[in-house]
Amino acid sequence: MDDIFMDESKWYTLDNTAKLYPIITSAKSSYVFRIAVKLKQDVIPSVLQQAVTDCKSRFPTFYVKLRKGLFWYYYEANEKTPMIKPESSYICQAIDSHNNNGYLFTFFHYQNRISLEIFHGICDGRGALEFLKTVVYHYFELLGFQVESENLVLTLDQEPTSVEIEDSYLKNFSLTGRKLDKMVRAYHTSGTRFPQEGLGVINGKVRTEQLRKLVKENKATISQYMVALLTHSIIQTGDIKRLCNMPVNICVPIDMRGYYHSKTLRNFFLFFRTSILCKEYKPSFEEILTKIKNQFSSELDRERLQKNLNLNVSLGKSTATKCCPLIIKWALIRLGHIIGSGIMTSTMSNLGNVVLPSSMNGLLENFEMNFDVADQYTHNLGIISCNGITTIGFTRCVYETELEKTFFSYLTDQGLEVEIQSNFWEGVV
């Protein structure tokens, strides 16, 4: 608790990963992601507002405002009312805290959809999902539905616990570490960027049972299969000359809670990257999948993960880093981020299957996840499953949609039924 609270629960240090996000955020890289849920009925805004307001004491590290200190940013408890807004056609935009009552999250509503957009400095996808589940659960309570948590949802009659707000990076840090991996510039997809800010969204919805059957036939997991198919689609639609010299590197965030039995609601994930180099020919999907599975197996070794965690934490724990003023940290971290972002082609994040109380399942349809596209990339991919539906969500900052067409066409060729939904952003700019 001492590493989290600075002054009687009113001031909070940022977790080990969150410290970076206020520094690397820009107008073109918001580090805001969205998790949305579709209900069976249209949203009642006044009830949603009450539900969001009521959850304040349950999630103390979410209802905060960002402050700048001498050495790091920090969070201060926010006493203002959180805002809900009608959904805009712009998604995952940088949050203007001055016009958001100081908060770094916003709940949006559109017809039967509730969307949570949240700054990555507050939490990761798993923490945001638990927050959204609680708000929606309480929303149903306020409407008079008889819902039971079944210990699958955090409820307002529970007090926030120390394990929910701990910095699990610091808790699980040890002195052994590993060297930084060699940085090799990755292949970057290209396209005609939208002339103004905004993201195109194409979501493909498939039956989870069909998808699981397909990946099982290939002796893979959903994450392995999706990374391989994303890599395959990039290669099929890419420039073979550049692909022979630069690998397709997919960044894969890994939820570390299961490895360390953590229940934190803050950030607790690590990245690894898969890498495929064409070497003068475009490999088949099967060749790519075999290599991807081997890379997953190697990277998800517990000892290797521990060394990665130690490396990430040790950089922030060094005396030189601690004593370095924020203005100097800002310049160094921004430079390192620019260099590091060149080694990634795209990101694939899979939040897995959302398990809800049986009393909630009949009240909602499914979940969606989309996230910001950083400045040097054109596409990202987010995956989430619930109620037998897996939503595969592409976000992009370019007009061209050949990558998505290639990706989803491959799935339909394998016998999957895919329902495509889009915000048709290319038609409104």
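**Reading the side chains**

Author: Lys 205 has a relative accessibility of 8%, so it counts as buried. Keep in mind that this is a predicted model.

Reader: Is Glu 368 buried or exposed?

Author: Glu 368 is buried, at 6% relative accessibility.

Reader: Which residues are linked with this pair in a network of salt bridges?

Author: Arg 34, Lys 38, Glu 87, Arg 113 and Glu 117 are linked with Lys 205 and Glu 368 in a network.

Reader: How many salt bridges does the count come to?

Author: The count comes to 18. Take Glu 76 as another case. Glu 76 forms a salt bridge with Lys 65, with 4.0 Å between the closest N and O atoms. Glu 76 sits in strand S4 (residues 73-77) and Lys 65 in strand S3 (residues 64-68), 11 residues apart. Glu 76 also meets Arg 67 in a salt bridge, at 2.8 Å from N to O.

Reader: Now a helix. Which residues of helix H5 are buried?

Author: Read a helix by its faces. In H5 (residues 208-217), the buried residues are Thr 208, Leu 211, Leu 214 and Val 215. Seen down the helix axis, the buried residues of H5 fall within an arc of 125 degrees, so they line one face.

Reader: Which residues are exposed on the other side of H5?

Author: Glu 209, Lys 213, Lys 216 and Glu 217 are exposed there.

Reader: Let me turn to rings. How many aromatic pairs does a search of the whole structure find?

Author: The search finds 26. For each pair, read the distance between centres, then the angle between planes. Phe 62 and Phe 131 form a tilted pair, 4.8 Å centre to centre with 55 degrees between the planes. Phe 62 lies in the loop between helix H2 (45-54) and S3, and Phe 131 in helix H3 (residues 125-142), so this pair ties together parts 69 residues apart in sequence. Phe 62 is buried, at 0% relative accessible area. Phe 131 is buried too, at 0%.

Reader: And what is the geometry between Phe 394 and Phe 408?

Author: That pair is edge-to-face, 5.7 Å centre to centre and 80 degrees between the planes. Phe 394 is in strand S14 and Phe 408 in helix H14, 14 residues apart. Phe 394 is buried at 0% relative accessibility, and Phe 408 is buried at 6%.

Reader: Which residues do ring pairs link into a cluster?

Author: The cluster holds Phe 59, Phe 62, Tyr 63, Tyr 103, Phe 105, Phe 107 and Phe 131. A charge can also sit over a ring. The charged end of Arg 58 sits over the ring of Phe 59, 5.8 Å from its centre. Likewise, Arg 302 lies over the face of Tyr 260, 4.3 Å from the ring centre.

Reader: One last residue. Which residues is Met 360 in contact with, leaving aside neighbours within four places in sequence?

Author: Start with its place. Met 360 is in helix H13 (residues 358-361). Met 360 is buried, with a relative accessible area of 1%. Beyond those sequence neighbours, Met 360 contacts Lys 133, Val 136, Tyr 137, Phe 140, Val 147 and Val 153. Compare C-alpha distance with sequence distance as well: Met 360 and Glu 148 are 212 residues apart along the chain, and their C-alpha atoms are separated by 8.1 Å.

Key: Residues are numbered from 1 along each chain as its sequence is written. This is a predicted model: local features need pLDDT of at least 70, side-chain atom pairs count only at pLDDT 80 or more; totals for chains, interfaces and linings use all residues. Side-chain values use heavy atoms; hydrogens and water are left out. Buried means under 20% relative accessible area, exposed over 50%, partly exposed in between (1.4 Å probe, protein chains only). Helices (H or I, at least four residues) and strands (E, at least two) are DSSP runs, numbered from the N terminus. The arc is that of the directions from the helix axis to the C-beta atoms. Contact means heavy atoms within 4.5 Å. A salt bridge is a side-chain nitrogen of Lys or Arg within 4 Å of a carboxyl oxygen of Asp or Glu. Rings of Phe, Tyr and Trp (its six-membered ring) pair if their centres lie within 6.5 Å; planes under 30 degrees apart count as stacked, over 60 as edge-to-face and the rest as tilted. A charge sits over a ring if NZ of Lys or CZ of Arg is within 6 Å of the ring centre and within 35 degrees of the ring normal.
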